[in-house]
Amino acid sequence: MTDHELLARVARSESWALAELYDRYARLIYSIALRMLRDRGVAEEIVQEVFTKVWRHAQEYSPERGSVSTWMASIARHRCLDELRRRRVRPQPQSIEEESPIELAGADNPEDEAVDAVERARIRDALAQIPPEQRATIELAFFEGMTQQEIATRMQTPLGTVKTRIHLGMRKLKELLKE
Amino acid sequence: MSVHDEVQDLIPAYVLGALDPPEAARARAHLAGCAECTGVLREYQETADSLALGVPLAKLPPDLKSRTLEKAIGEGQPREEMGLIPTARRAWPHLGGAQLIAGAALVITLLTLAWSVWQSTQFSQQLALQRDFVTVLAYAEGSALSVRGTALAPQAEGKLYVDRDSNVAALITVQLPPLKPGQIYQLWLTQAGGQYKSGGTFTVDSSGDGWLLVRAPSRLGEYARVEITVEPSGGSAAPTTQPLLSAALAGS
């Protein structure tokens, strides 16, 4: 059953379809949240919130907005950006987990892994092909929610350099992902 | 540099959310009326969206699935409105009314009360069944087994949410052929020696969708295969037709 069909069934309040979507995409959502927030507890809350939103608003999804995985990843990222903004306004003590490595998943569920494994590898390859400083700048913007000015301050780099890195890096990534 | 050219330069940073608020507002205003820039935006948006899909995958906490499904599905919704599965009829019979003579009204009232009690019992049983079903579904951590349609029903498929150490499982089927009157679907669990044990019976809706809270006589890990056949209403002691869905349980 395709993701679109599953989501249509979620929209009809068929909870088994949500369980199936969880099996397909919870790991991705959790990983995005962990990558952005570096806090396992909050990442778990994000997963719960994303699937609650999918359960309640599945009928709002339309294929023109991209694939189901992209839609769900976008919900997760925006929720994480909200959390990052909240942290900036009310800074918290540094989490112990910020210092500990993320435990990566093994191939313990090959069927699930196969869902987007090829696409993920393609994206990682593309990222690996752009210069490290461009990649780091893009990741600070995308995963940390930083503006170009904030990145310039963080990296102690002129603002114009940051703009150039984002422009060139994104253009190269776009070309690589089109291939 | 024209506003158009300037915004085209801003688009890569815009899709990353990296523009300062005044720059972002300027870009948004131009994008609203420029088809060419909107096309460029779409391309870059796809690129930005891809970044999230490329993150290294982390291990999921083992109990997160049950907590997530409980929160998403269970929060703020009465169970009967979850629509997980066909629920008992909720329409209550209406009383006759003033035009009926008193005796007939009394009879109807009594019949209605009896019907209501019966309905209520059926309804409670159905809800209990649904609750058990959701529980199995929620706690089957990453162990959904694909049940494939055989040559008799190649379009049919199913998922069996199973904990092999227990004797209950949750089965979902889609696109099974519609049943004729007097027929029912029956799930069979086969042991290594070839004996069949019934795991329960179920029907499907007009789309061929069905569900079953499977109850096995013993631990599910003791069975080799699961099969679904069409049987006469009430079920059979052993399969009387060829399976339409089938899957291996052992070693999967």
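Contact here means heavy atoms within 4.5 Å. This is a predicted model, in which local features need pLDDT of at least 70 and side-chain atom pairs count only at pLDDT 80 or more, while totals for chains, interfaces and linings use all residues. Residues are numbered from 1 along each chain as its sequence is written, chains are lettered from A and ligands numbered from 1 in the order in which they are written, and side-chain values use heavy atoms, with hydrogens and water left out.

The interface between the two chains is the starting point. On one side 51 residues of chain B take part, in contact with 60 residues of chain A. Together chain B and chain A bury about 5300 Å², of which 63% is on carbon and sulfur atoms; buried area is the accessible area (1.4 Å probe) that two parts lose on being put together, summed over both. Eight salt bridges are found across this interface, a salt bridge being a side-chain nitrogen of Lys or Arg within 4 Å of a carboxyl oxygen of Asp or Glu. The side chains of B:Arg67 and A:Glu44 form a salt bridge with an N to O distance of 2.9 Å.

Helices (H or I, at least four residues) are DSSP runs, numbered from the N terminus. Their axes are lines fitted to C-alpha atoms over the stretch in contact, and angles run from 0 to 180 degrees between N-to-C directions. H9(A) packs on H1(B) at an angle of about 85°, the axes being 9 Å apart. The two helices H9(A) and H1(B) are therefore roughly perpendicular, the term for angles of 65 to 115 degrees, whereas angles under 35 degrees count as roughly parallel. From H9(A), A:Ile166, A:His167 and A:Met170 meet B:Gln8, B:Asp9, B:Pro12, B:Ala13, B:Val15 and B:Leu16 of H1(B). By class, this contact of H9(A) with H1(B) comprises six nonpolar residues, two polar and one charged. Here Ala, Val, Leu, Ile, Met, Phe, Trp, Tyr, Cys and Pro count as nonpolar, Asp, Glu, Lys and Arg as charged, and the others, Gly among them, as polar.

A further pair joins helix H7 (residues 132-144) of chain A to H3(B), at an angle of about 80° and with axes 11 Å apart. H7(A) and H3(B) are therefore also roughly perpendicular to each other. In this pair A:Ile138, A:Phe142 and A:Phe143 of H7(A) meet B:Ala48, B:Leu51 and B:Ala52 of H3(B). The contact of H7(A) with H3(B) has six nonpolar residues, with no polar and no charged ones.

Within chain B, helix H1 (residues 3-16) and helix H3 (residues 35-53) have axes that come within 8 Å and cross at roughly 20°. H1(B) and H3(B) are therefore roughly parallel. Residues in this contact include B:Pro12, B:Val15 and B:Leu16 of H1(B), and B:Ala48 and B:Leu51 of H3(B). The contact of H1(B) with H3(B) divides into 12 nonpolar, three polar and one charged residue.

A:Glu20 and A:Arg24 form a salt bridge, with their closest N and O atoms 3.5 Å apart. These residues, A:Glu20 and A:Arg24, are separated by about one helical turn because they lie four residues apart in helix H2 (residues 15-37) of chain A.

Most residues other than glycine have a negative phi. A:Ser13, which is not a glycine, has a positive phi of about 60°, and A:Ser13 lies in the loop between helix H1 (3-11) and H2 of chain A. A:Gln156 likewise has a positive phi, near 50°, and is found in the loop between helix H8 (148-155) and helix H9 (159-178) of chain A.

Key: Parallel < 35°, antiparallel > 145°, perpendicular 65-115°, else oblique.
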